[in-house]
Amino acid sequence: MKIVVKFENNSGQTITATFDRATGTVTSDDGRKGTYKREGNVIKISGDQSMTLTSQNPIPDPPTAGFKSPYTSSTGATGTMTILSVG
């Protein structure tokens, strides 16, 4: 299952990332790659840029397209995450 998520931070930057559940990998549209692990509302990413993202709202399992939630990251960014597609 691949989950495409758009992250819009409060500084006006937008990044789209594809999370592949089968391989545990994530790739962003700006070329960064890594692995991830989801623990409840927390997504831990290790790779080109390691960080932790925390969703304010419970992330559905399985994830559903259209889910939207405020998030904070360990890099100090805040914004809104939106699941664009699940397939």
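Predicted model: local features only at pLDDT ≥ 70, side-chain atom pairs only at ≥ 80, totals over all residues.

**Strands, turns and core**

Q: Which residue in β6 is the bridge partner of Ile43?

A: That would be Leu53. The hairpin from β5 to β6 passes through three residues.

Q: And how many bridges join β4 to β5?

A: Six bridges there, between β4 (residues 33-39) and β5 (residues 42-47), again antiparallel. Ile43 turns up here too, as the bridge partner of Arg38.

Q: What does the turn between β4 and β5 look like?

A: It's a hairpin with two residues between the strands, and Gly40 in the turn has a positive phi of about 65 degrees.

Q: OK, zooming out. What do the eight strands close into?

A: A barrel, with antiparallel pairing, in the order β1-β2-β3-β4-β5-β6-β7-β8. From one strand to the next, the twist averages 30 degrees.

Q: What about β2 and β3, how many bridges join those?

A: Four, linking β2 (residues 14-20) with β3 (residues 25-28) in antiparallel fashion. Asp20 stands opposite Thr25 in β3.

Q: Let's look inside. How many residues are in the largest nonpolar core?

A: The count is 16, and the residues with the most contacts inside that core are Val5, Phe7, Phe19, Ile43, Ile45, Leu53 and Met81. Two or more residues come from each of β1 (2-9), β2, β5, β6 and β8 (78-86). β1 gives the most, with three residues.

Q: What is Phe19 in contact with, leaving aside its neighbours within four places in sequence?

A: Quite a list! Met1, Lys2, Ile3, Val5 and Phe7 are on it, along with Thr25, Val26, Tyr36, Ile43 and Ile45. Among those, Val5, Phe7, Ile43 and Ile45 are also named with the most contacts inside the core.

Q: Changing topic: where does Ser69 lie?

A: Ser69 is in strand β7 (residues 68-73).

Q: Is Ser69 buried or exposed?

A: Buried: the relative accessible area of Ser69 is 1%, and the cut-off for buried is under 20%, so Ser69 qualifies.

Q: What does the side chain of Ser69 reach?

A: The backbone nitrogen of Gln56, at 3.3 Å. Apart from neighbours within four places in sequence, Ser69 is in contact with Ser55, Gln56 and Asn57, and also with Gly79, Thr80 and Met81.

Notes. Residues numbered from 1 in each chain as written. Heavy atoms only, no water. Pairing = 2+ DSSP bridges. Axes fitted to C-alpha atoms, helices over the stretch in contact; angles between N-to-C directions. Buried < 20%, exposed > 50% of the residue type's maximum accessible area, 1.4 Å probe, protein only. Polar contact = N/O pair within 3.5 Å; in protein donor to acceptor, adjacent residues only side chain to side chain. Contact = heavy atoms within 4.5 Å. Core = buried A, V, L, I, M, F, W, Y, C linked by side-chain atoms within 4.5 Å.
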